Structure formats: structure tokens, C-alpha cells
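Please have your viewer open as you read.

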Amino acid sequence: MPDVARDVVEHVSTLARLALSSEEIDRLQHEMGRILEHADKLQAVNTDAIQGTSHVIPMINVYREDQVGESLTPEEVVANAPDSADEFFKVPRTVEE
Amino acid sequence: MKLHELTAYELGERLASGEVSAVEVTEAHFARIDEVEPKVAAFLALTREEALEQARQVDDRRSAGEDPGPLAGVPIAIKDVLCTRGVQTTCGSKMLEGFRPPYDATAVRRCRDAGMPMVGKTNMDEFAMGSSTENSAYQITRNPWDLGRVPGGSSGGSAAAVAAGQAPLALGSDTGGSIRQPASLCGLSGLKPTYGRVSRYGLIAYASSLDQAGPFARDVRDCALLMSVLAGRDQRDATSADVPVPDYVAGLTGDVSGLRAGVPRELMGEGIDPQVKATIEAAVAELEGLGMAVEEVGMPNVDFSLPVYYLIATAEAASNVARFDGVRYGHRTEQPVEDVYDLFAKSRGEGFGPEVRLRIMLGTFALSAGYYDAYYLKAQKVRTLIKNDFDAAFAKHDVLLCPTSPTVAFGIGEKADDPLQMKLADICTIPVNLAGIPALSIPCGMADGMPVGLQIMGRPFAEDLIMRVGDAYQQATTWHTMRAEL
């Protein structure tokens, strides 16, 4: 695969919520293209009637009793936040008045 | 012999007999760290005071007549991917600079409960994405065998710390080879357990269907000792397996006669350095001499492991690192923002390094509408075929043998600019994660003055068997007793 189209890289960066500089988009067009070219080897593999594997070890649903255990205090929960007030995480305004 | 040159098992014996105290052992390792850390740069943080306090507690318990266990007082280094309560955990990323987890990972807590003083947090590729530790946002770690070469990755700091005598044991994590490849490149024994054998709670996720934590040590006996601490079901990780944990140390009988080993043709051919290949062939012959039956085995789909891995791993990674948004923890941009989405995008663009950004983009692409079936779903289907190849091989063979790494340690900077070349370093280790099986790397010779590692793969939950094979090899040979000179 040649370089990935610029508008595709820009669209994916929006999906990923990742701000990229113009030079970074250049780099990614090339590097993504190179790796996806290699990945295209897979298209030659016959996978008709093959189920995908998402979990390797056979396991059915895991249940447990719903019991109250140890948990963190609100202070501990917000202790690593870049910005907080009382027991809340602070972010910029998202809803206009 | 100096204390920092002893294995964990030897230290444990001397601690139990009262010949040395846990404080003396811990101080000896910090003296070694002071001596060699400026050259090796294995650690992102040292926890001297906490370690000495833990050591004093162990000594007090022994003075009071308690038996605190075989590893009590034996120091350990912890990869910075594992959460440590109150101790900075960066995952090698600027995104998590200053992050102090409010809880311990289960693997860390189990080490604490076993009385093991934690000496510090080790360097790694950012979010465990890499094979040389050069993707760390903080520093370059050097291979103690040759300071001009990489220690491997992503758990390069843990490997370098043990190889340099800064700790007898370390914890790493392995998503595509991140324990085994650095163990190989640094002349150590390292184990990637079966998926689900060790709890992933508090292990910062890279690719959740592939990640496992496991031990680095100087020999297999020490791996077995540490696995006895780490393995077992944890209610906090629903994917941890409810499978009985055998006595791993008692399983090291030295007897491998009658065991059947397969050597996958696909992992001994193209891309394997000729000197590495010759060294592996000699190691396989040694095991044959110990009574194992060896034959070649074909696993055709294993050739597709690399593209399957970077589609599945990047897709899972893109989902996992979505949590880093500059709100609850981690880096937040100081640029002006228009709204909360802009805050996410700018914080993430600044906080993640180039390799992480590339993998987020690849993974998001592989999961996006229009590409999902062709890339992500296709990779999951080929993963099934690879797993089927392993199932077929293990129907006839007890273990599979191949190189851990196709080359010995490469030079710092040598592959840093070429992500695809770097990924080729993992061609022998990646299939193991895709199949979820356990695998051990042990030193089995030297090439170009650097250690070569033999990879021993086993059936799910057969850690005891692959460690028995590795230990039998070490009882018959001396490669594991070689030490890097610093």
C-alpha cells in the first residue's frame, strides 16, 4: 500500500481524539502505509468458516457474590486529577448557558 | 561471593539460616545500584527508604520466630507498568508523569505480602510498546553486557537491573515478547505465563487479550520461586484463571527423559541470524542428550503472526489508552481549548510519544467503519489458525523449542528509526501471546560476545513442565551462571 491518504489519517485522528501537527500527519501517512502494506499479506489467507479468536483460554461467565469490599475514598480518587474541586473532576465548560 | 551476585534461592537460604539479615541484603543491592546505575540507567525511581523498612519488618518477624517464607527479604525491581501504591508509576510515558496510584497491582501486592523489598521502578518502552526500551519518554537503558547495545524491551529496565546485579529478581510484562526478548538479550531466565495465570489487576493495559506479567531471574529455579508467589486466581481480574497452582519448585526434578520436543521449522528459518541458529541447534542437541525426543514440526500459519499481532495489539491498545484524557489523571494540556473534546485531543497529542501515537492511529484505523472486517476481524480469524497450529503441535509434542530472539542485542539507535525492522525482533515471541500459552527464555550460549536465549513453549498452564525442562538444561550446563562485567 502506498501512503495512507491524508484525509483518512485526519479522520482517524478525530476518531482517536488525538491532535496531530501537519508534519506528524506526513509521518503517519507513510508509516501507517508501510505497516498496512505488510498486513495485507493476511488477505491471501483463506479464513472461510473460521471464527475469530478474541479470548484464548476457554472461559464462561465469571460470577461472584455482590459484597461490599474495600474501596477508595473520594479524596484518593481525585488525588491524581489535573484539576479538581471538592470531590469532583474539573473540566472546561461543555454546555453553553 | 558478594550478596548481589547470589540468586534469590541462595539469598533465601542465607536469610532463613540467619547468616545474613534482610537489611544487609537490601543495603548490598542499593550499594550495587549506586555503583552501576549511572552506567546502566535501569530505574525510573528508587524506593530505598520503603525497601529498608520492608526489610526491617522481615528481620523482626524472623527474630520473633516466624517463618516469613522463602523469598522474604529478597529484593525485587518492578517494571513501571505495574501500579505501586503511593509510588510514581509512569509506564515510561510523560502522560503519567507524577501519577501515584492509590492501590497496588495484585502482582505487586503478592510480592509485598511475600516480604520482598521493592528496590524501585524500572524503565520501559512507553506503554510497553517497543522492543528496545528506546521508546521510553525518560531515558535510554543500556545492556550490562555491552553498554553500546539495547537491553531489549519493552521490559528492558527490569532485565538490565537483574543482569547488572541491582536486584536478583524483577517483574516484567509480556504482550509480544517483552519479558522473554529482554531476558534473552541480557542473559537471563524470563517467563511469560499462560494468559490468565497471573492477575492483570493494576497492570496498565496495552493489549488486554495478550498481556501477562511474569518474572525475570538469573535461573529457572528463581523463576519458579517467584511464580509460586505470583500465580493464582484474583477476584479483581475476571480473566485470571481458577486453575490450581502446582508447587513449581518441587516440579524441578531434573528429569526430562521421554519428553517429546518439536522444533517449528517456521521459527528456525529466514530471518534467524546464523550464529543464533547454530547456538539453538546445540542447545536442542543438549536436551536430546538428556533424553528428550526431538523432531521438526510444521506450523504454517505462524508466518502470519506479525501482521496479526500489530492489528490486534494496536486495536486493543487504541481502546485501552482512550482512558488517558487529561481528566481523571495524567497530563492535561496548558494550551487554550475550545471545548472538552479539544482538551482530550490536545492533552493526548502532547502526552503520548511518537510510537504510541502511531499505534493508536493504526488501531483506530483497523477498528473504524469500512476497515474493520478487512483488518481487525481478519486478524482475529488468522489468530484462530495460528492457535490451531499450536494445538496440533502440542497434540504430538510436550514442548516446542526455538530461538527467543532472531538476533543478539542490537546497537542503541540501530533500529530506532524503523518501526517495521524493530517489530521483526519479536517474530519468535509474538506467536506465543497470540496462542495464550506459556513460554520461557533461558540463556543457552553466546554469539558475537552477547547472550543467546532458547525459548521453551508449553501447553496452557504447563509452566511447571517448561520450567522443568529449562532447569534440567541449567543443571547440565553453565550458561546461566555467566555474568555481565561492569
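What follows looks at the interface and then at one aspartate.

Keep in mind that this is a predicted model. The contact between the two chains draws 51 residues from chain A and 71 residues from chain B. Together, chain A and chain B bury about 5,300 Å² between them, and carbon and sulfur atoms give 69% of that area.

In a salt bridge, the side chain of B:R357 meets that of A:E24, with N to O at 2.5 Å. There are also 16 residue pairs in polar contact between chain A and chain B, counting those with both residues at pLDDT 80 or more. On the side of chain A that touches chain B, the elements that give two or more residues are α1 (6–15) and α2 (22–39) of chain A. Of that side, α2(A) supplies the largest share, 10 residues. By residue class, the side of chain A that touches chain B splits into 27 nonpolar, 12 polar and 12 charged residues.

Now move to chain B, where B:D211 lies in the loop between β5 (189–192) and β6 (212–217). What is the nearest side chain of opposite charge to B:D211? That is B:R200, 5.0 Å away; B:D211 is buried yet has no salt bridge, given that a salt bridge needs the nitrogen and oxygen within 4 Å. The side chain of B:D211 does reach the backbone nitrogen of B:Y206, at 3.0 Å. Leaving aside neighbours within four places in sequence, the contacts of B:D211 include B:D174, B:T175, B:Y195 and B:L203.

Conventions: Residues are numbered from 1 along each chain as its sequence is written. Chains are lettered from A and ligands numbered from 1 in the order in which they are written. This is a predicted model: local features need pLDDT of at least 70, side-chain atom pairs count only at pLDDT 80 or more; totals for chains, interfaces and linings use all residues. Side-chain values use heavy atoms; hydrogens and water are left out. Contact means heavy atoms within 4.5 Å. Buried area is the accessible area (1.4 Å probe) that two parts lose on being put together, summed over both. A polar contact is a pair of N or O atoms within 3.5 Å; within protein, one must be able to donate a hydrogen and the other to accept it, and residues adjacent in sequence count only if both atoms are side-chain atoms. Helices (H or I, at least four residues) and strands (E, at least two) are DSSP runs, numbered from the N terminus. Ala, Val, Leu, Ile, Met, Phe, Trp, Tyr, Cys and Pro count as nonpolar, Asp, Glu, Lys and Arg as charged, and the others, Gly among them, as polar. Buried means under 20% relative accessible area, exposed over 50%, partly exposed in between (1.4 Å probe, protein chains only). Lys and Arg count as positive and Asp and Glu as negative; His and the chain ends are not counted.
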